[in-house]
Amino acid sequence: MKLTINGEIQEVPAEQTIEQITTQLGYDGQAVAVALNNDFVPRSQHAQRKLHENDDLEIVSPIAGG
């Protein structure tokens, strides 16, 4: 299935959850904020929230600095 992830169209296996996608993209164990179709998704829902064809996923990880 096709998803837009951080502005880029990507082909991913069907029936994926947000948690599975973030793990595949190398964010496993990191604190990330996720928006699905412009709606914030709490981390507690990442494992249950299934993605669908043409969903728009934005993944943001904090950057240390000051």
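This dialogue goes through a predicted model, from its overall fold to single residues.

Student: Which elements does the chain have, and in what order do they run from the N terminus?

Tutor: There are one helix and five strands. From the N terminus on, the order is β-β-α-β-β-β.

Student: How do β1 and β2 run relative to each other, parallel or antiparallel?

Tutor: They run antiparallel, joined by four bridges.

Student: What should I look for in the nonpolar core?

Tutor: In soluble globular proteins, nonpolar side chains tend to be buried together. In this model the largest nonpolar core has 14 residues, and among those with the most contacts inside it are Leu 3, Ile 18, Leu 51 and Leu 57. The elements giving two or more residues to this core are β1 (2–5), α1 (18–24), β3 (33–36) and β5 (56–60).

Student: What is in contact with Leu 57, apart from its neighbours within four places in sequence?

Tutor: With those neighbours left aside, Leu 57 is in contact with Thr 4, Ile 5, Asn 6, Ile 18, Ile 21, Val 34, Ala 35, Leu 36 and Leu 51.

Student: Is Thr 17 buried or exposed?

Tutor: Buried means under 20% relative accessible area. Thr 17 has 6% relative accessibility, so it counts as buried. Thr 17 lies in the loop between β2 (8–11) and α1. Leaving aside its neighbours within four places in sequence, its contacts are His 46, Ala 47, Arg 49, Lys 50 and Leu 51.

Student: What does the radius of gyration say about the chain?

Tutor: The value is set against that of a compact globule. For 66 residues that would be near 11 Å, and the chain has 11 Å, so the two agree. Along the principal axes, the C-alpha atoms fill a box of roughly 40 × 25 × 20 Å.

Student: How much of the chain is buried, and what makes up its accessible surface?

Tutor: Of the 66 residues, 29% count as buried. The accessible surface comes to about 4300 Å², and 48% of it belongs to carbon and sulfur atoms.

Key:
Residues numbered from 1 in each chain as written. Predicted model: local features only at pLDDT ≥ 70, side-chain atom pairs only at ≥ 80, totals over all residues. Heavy atoms only, no water. Core = buried A, V, L, I, M, F, W, Y, C linked by side-chain atoms within 4.5 Å. Buried < 20%, exposed > 50% of the residue type's maximum accessible area, 1.4 Å probe, protein only. Contact = heavy atoms within 4.5 Å. Pairing = 2+ DSSP bridges. Rg over C-alpha atoms; globule rule 2.2 N^0.38 Å. Areas by Shrake-Rupley, 256 points an atom, 1.4 Å probe, with all protein chains shown as cover.
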